[in-house]
Amino acid sequence: MLPADCSRRLVAELQGALDACAQRQLQLEQSLRICRRLLQAWEPTGTWAWEPPPEPETNEEDPLPACTPSPQDLKDLEFLTQALEKAVRVRRGITKTGERNKAPSLKPGSLVTSPGMTASTPPQSPGQAGGHASDTRPTKGLRQTTVPAKGRPERRLPSVLDRTRVGIGVRAPRPGAGLRNQLMAPSAAPQAPEAFTLKEKGHLLRLPAAFRKAASQNLSLWVQLSSMQTSDSMDAAAAKTQFLQNMQTASGGSQPRLSAAEVEAEARRLRKACSLLRLRVREELSAAPVDWMQEYRCLLTLEGLQAMVGQCLQRLQELRAAVAEQPPLPCPVGRPPRASLSCGGGAEPTWSPQLLVYSSTQELQTLAALKLQVAMLDQQIHLEKVLLEEEMGVQQRSAALRRSG
Amino acid sequence: MRGRRVDPAAGARAGALPEAIAALSRSLPSGPSPEIFRRAKFDRPDATSALWQLLFRVLSPLPAGSALASIALEVQARLVKSALCSQGYPRLALAQLPEDGSQGSRELLLALSWLLARGPVPEQMVAQTRVPLGDEMTVCQCEALASLGPPAPHMETEGPVDVRHVQWLMGKLRFRWRQLVSSQQEQCALLSKIHLYTRGCHSDQSLGHLSVTEAEMLRDPEGGQQLLRTLEHENRRLEAVLAWRRAELVFWQWMDTVLGTCAPEAPAAASQPTFLPWVPECGDGELELVVRELRTLEEELREAAERRRVAWEAKARGCGRGPEWSAARRACRETVEKELGALQRCWEQDRSPAQAHGPHRLVRREDGAAGDRDLRAAELIRTLRSQEACLEAMLRQLQGQCRQELARLAGALPGLIWIPPPGR
């Protein structure tokens, strides 16, 4: 399509873009590996992972150790278990008299399942009573017997479960299941992590003290540094300016030579001016004024824009003349990355600690996707410009050829 | 209070200068000892190579690594000269220095001071090797997918490049972009989960949850120890930078005396130093492009404005005169001037002040509340959307221009497309 030497530049740029993408992909994949590994089961080493929650400013309940039920709770639950076992015996005794009942055999363990225990007890619920007429009376009787038996512990049971649930702290889908496991082996070491996962127990982690100290010191130092930059000592600033001027005069030149960096900065500014002006012109030309005032404003704006375009053209011509007359000082071999159009470029201030707050996964994903989209557009624009330059180069060269030949 | 209180007697204290230089040296990566600085003032040759190496570290755009250490001194010296030149270093003596490190330490000291006076060099150096403790995201596009230096010459094809090859490369690029997008989305989802699951852990209440780096430290204690050591090292360097900033006045007073011992140079000769070929990256082609665009725009504007001016004059003749009339017109003029002034400032200033640069630590908060110095994702999303729209418009316009040029090429030079131009 294009002669070889033109499209070679395009190919080189494309190759560069592909390499940059590949490198970024590698970085992402490494980061993904780390994240995936963190979300699987792993062993937090050291004992500082299991510190109790910090002294509560926010907790109104007494902080319980994570998984250990207190002796009182154990006693209560034992009492409850006995009561319920008795209830089962009573019920079995009643229903054994020739009734075929699909009474589920209540395992002792499952007795402590949940406050929904009422629902999981023998299915002689009121709703079902109608089905078996012969059941009704014993059912009622059963309920009557069970209710007082459950009456006392029931009041206390939810509270025990609540407190233990708070101790675990996780909205685990089946709190009862967890509790059952603990109670089945109340003497088991509470710190036996079957498998630590971030999901269930991540909030219990604690950073080591040495690290916390170093990190907070680090933050405070960076904050000091960035505030010092914005309010620089006047004496030092004056001394520096004076020194720079002395350097300039000592080298015999009153006017600093235009450096390549400065030429590029000016060119970048003018490019930005061009795109902003063009956008504005589009807006004005497509606007439809409704009254004379709007029409007047539109007219004035267009004339003002015309003047600004003229100024920019003049500056460009001056810049090109200066470059042609005294070529700017060379660029270093390892150039800093090309500044994109969206960013201004220019001197970067040093890092200052700032947060970027997001509120949901979706928000974060949208943000990241948009960032990539803007970067991609930047790159596409750059490639189009390269293509355009090359095409114009071809035109110029062939025009020169025609003139000479 | 605008400036910090600087002790006026500081310069008089005997130990102030060595302290300042020592702080400077601690704040720079592998900074030379204060003794080197002292020797350089007297242009002693044994101080030369240390200063070449320091300047190389400061000026090199590449991050510190083993690759840097293995570069020979001559190469380092050449690169330093070239970099300083491109930044506009005024003194010619530097360019004439021998590259073997045999002399020139005073000139190198001046060069270092020149750099220190122009920008916050120690801070920038510490920022380059900063330990990111959080999960960070940069908002601006400064480092986004910029090519790593000029495109490496892939000289696979010497002959004419097939347009299908170009198309294939572009397809490959599109595919890689799609891959990037999906990997990024996954990473965001995982990050978000990790932040969610570890909320309530962090000792720093404003953060609230752990970052991946911090969680990794708990998973891998050896790595954690390494991280801790690096962090403490960084803290020492930060303290040194702060000490340097407090004490630097006495250094500048001293540097003035160093400059005084040098002989003044003759004005710069017309010829430019020829130690490196001039890489025409920042060349004329791009300026030509802008000139063309602006000319087209100028033409369009001239036509439209003339037309409207004529129409307006005709209409205005018909309307009444009077003080309210001229007052209203003046108000219009002022509004327009203000708007256009704001527009001009958009490109005059090198950076849009609304944009925050550099990486920021990601923090998940259900309510999205943020302090005044912090950024909110929702606002950034809005900004990025408008940038996106702007860039899309630019791209469409450029693509149109490209098509026009191509048509012009095809029309003007019908033989060009399939046959290599003569004389190659």
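1. Helices in this note are DSSP runs of H or I with at least four residues, strands are runs of E with at least two, and both are numbered from the N terminus. On that basis chain A holds 13 helices and one strand, and its elements follow one another in the pattern α-α-α-α-α-α-α-α-α-α-α-α-β-α. Chain B has 13 helices and three strands.

2. The model is a predicted one, in which local features need pLDDT of at least 70 and side-chain atom pairs count only at pLDDT 80 or more, whereas totals for chains, interfaces and linings use all residues. Residues are numbered from 1 along each chain as its sequence is written, chains are lettered from A and ligands numbered from 1 in the order in which they are written, and side-chain values use heavy atoms, with hydrogens and water left out.

3. On burial, where buried means under 20% relative accessible area, exposed over 50% and partly exposed in between, with a 1.4 Å probe and protein chains only, chain A has 44% of its 405 residues buried, and for chain B the figure is 43% of 424 residues. Accessible areas come from the Shrake-Rupley method with a 1.4 Å probe, and for residues only the protein chains shown count as cover. The surface of chain A comes to about 21,000 Å², with 55% belonging to carbon and sulfur atoms, while chain B exposes about 21,600 Å², of which carbon and sulfur atoms supply 55%.

4. A contact here means heavy atoms within 4.5 Å. Of the contacts in chain A with a separation of 6 or more, 79% are between residues 24 or more positions apart; in chain B, among contacts between residues at least 6 apart in sequence, 71% join residues at least 24 apart.

5. The sheet draws on both chains: four strands form an open sheet of mixed pairing, in the order β1(B)-β2(B)-β1(A)-β3(B), where two strands pair if DSSP finds at least two bridges between them. Strands β1 (136-138) and β3 (375-376) of chain B stand at the edges, and because each has a single partner strand, one side of each is left without a neighbour in the sheet. Helix α8 (residues 163-197) of chain B packs on the sheet, touching β1 of chain A together with β2 of chain B, and its direction makes about 55 degrees with that of β2(B); such axes are lines fitted to C-alpha atoms, for helices over the stretch in contact, and angles run from 0 to 180 degrees between N-to-C directions.

6. The pairing between the chains deserves a look residue by residue. Strand β1 (residues 355-358) of chain A pairs with β2 (residues 359-364) of chain B in the parallel sense, over four bridges; A:L356 stands opposite B:L362, and A:Y358 has B:R364 as its bridge partner. On the other hand, β1(B) and β2(B) pair in the antiparallel sense over three bridges, with B:E136 opposite B:R361.

7. Strand β2(B) is largely enclosed by the rest of the structure, because six of its six residues are buried. B:H360 lies in this strand and is buried, with a relative accessible area of 0%. Beyond its neighbours within four places in sequence, B:H360 is in contact with residues of both chains, including A:Q354, A:L355, A:L356, B:D135, B:E136 and B:L375.

8. A nonpolar core is taken as a set of buried Ala, Val, Leu, Ile, Met, Phe, Trp, Tyr and Cys residues joined through side-chain atoms within 4.5 Å. The largest has 70 residues, and those with the most contacts inside it are A:L205, A:F211, A:L356, A:L367, B:L173 and B:W177. Among the elements that give it two or more residues are α1 (4-39) and α9 (209-230) of chain A and α10 (221-260) of chain B, while α13(A) gives the most, with 15 residues. Apart from it lies another core, of 51 residues, among them A:F243, B:L17, B:V58 and B:L108.

9. With a disulfide defined as a pair of cysteine sulfur atoms within 2.5 Å, the count over all chains is zero. The sulfur of A:C35 is 9.8 Å from the closest cysteine sulfur, in B:C188, too far for a bond. A:C35 counts as buried at 1% relative accessibility, and A:C298 counts as buried at 4%.

10. B:D43 has a phi near 60 degrees, a positive value in a residue other than glycine. Most residues other than glycine have a negative phi. B:D43 lies in the loop between α2 (34-41) and α3 (48-59) of chain B and counts as partly exposed, at 33% relative accessibility.
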